[in-house]
Amino acid sequence: MANHKSALKRIRQNEKRALHNKYYAKTMRNAVRKFRALTDKDEAVKAFPGMQKMLDKLAKTHIIHKNKAANLKSSLALHMNKLG
């Protein structure tokens, strides 16, 4: 167990931030799953800017790596363009 007040506070902060990051990462994964399940091109075109915005925000706040965001955006764009 921690011996200093600052160490106890650091533990509390880390737990809180981990929970926050886990929530947004899971929300992002679910949104990507829903986007990949789309079969209508018009729906995908409407949803794509929102997906890009979400991925960019998560990369900016270091919840996901910037390259992961770029790879996801690229693969989702490919998926959207393949829809007929």
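**View 1. Helix H3, end to end.** H3 has 17 residues and covers 25 Å between its first and last C-alpha, close to the 24 Å expected at 1.5 Å a residue. That expected span is 1.5 Å times one less than the number of residues in the helix. Helices here are DSSP runs (H or I, at least four residues), numbered from the N terminus. A word on the model itself: it is predicted, so local features need pLDDT of at least 70 and side-chain atom pairs count only at pLDDT 80 or more, while totals for chains, interfaces and linings use all residues. Residues are numbered from 1 along each chain as its sequence is written, and side-chain values use heavy atoms, with hydrogens and water left out.

View 2. Ala69, Leu72, Lys73, Leu76, Ala77 and Met80 are the buried ones to look for in H3. Buried means under 20% relative accessible area, exposed means over 50%, and partly exposed is in between (1.4 Å probe, protein chains only). Looking down the axis of H3, the buried residues fall within an arc of 135°, so they line one face of the helix. The arc is taken from the directions from the helix axis to the C-beta atoms. An α-helix has 3.6 residues a turn, so residues three or four places apart point the same way. The buried residues of H3 pack against helix H1 (5–37) and H2, where contact means heavy atoms within 4.5 Å.

**View 3. Helix H2 and its bend.** H2 runs for 20 residues and reaches 28 Å from first C-alpha to last, close to the 28 Å expected at 1.5 Å a residue. At Ala47, H2 bends by about 35°, and a proline, Pro49, follows within four residues. The bend is the angle between axes fitted to the seven residues ending at a position and the seven starting there. Ala44, Phe48, Met51, Leu55, Leu58 and Ala59 are the buried residues of H2, and they pack against H1 and H3.

**View 4. His62, between two helices.** His62 sits in the loop between helix H2 (41–60) and helix H3 (66–82). Its phi is near 65°, a positive value in a residue other than glycine. Most residues other than glycine have a negative phi. His62 is exposed, with a relative accessible area of 71%.

View 5. The side chains of Asp56 and Lys73 meet in a salt bridge, 2.7 Å from N to O. The pair links distant parts of the chain, with Asp56 in helix H2 and Lys73 in helix H3, 17 residues apart. To count, a side-chain nitrogen of Lys or Arg must be within 4 Å of a carboxyl oxygen of Asp or Glu, and by this rule the count comes to one. Asp56 is partly exposed, at 37% relative accessible area.

**View 6. The nonpolar core and Phe35.** The largest nonpolar core has 20 residues, and Met28, Phe35, Leu55, Ile64 and Leu76 have the most contacts inside it. H1, H2 and H3 each supply at least two residues of this core, and H2 gives the most, with six. Such a core is a set of buried Ala, Val, Leu, Ile, Met, Phe, Trp, Tyr and Cys residues joined through side-chain atoms within 4.5 Å. Leaving aside residues up to four places away in sequence, Phe35 touches Ala44, Ala47, Phe48, Met51, Leu76, His79 and Met80.
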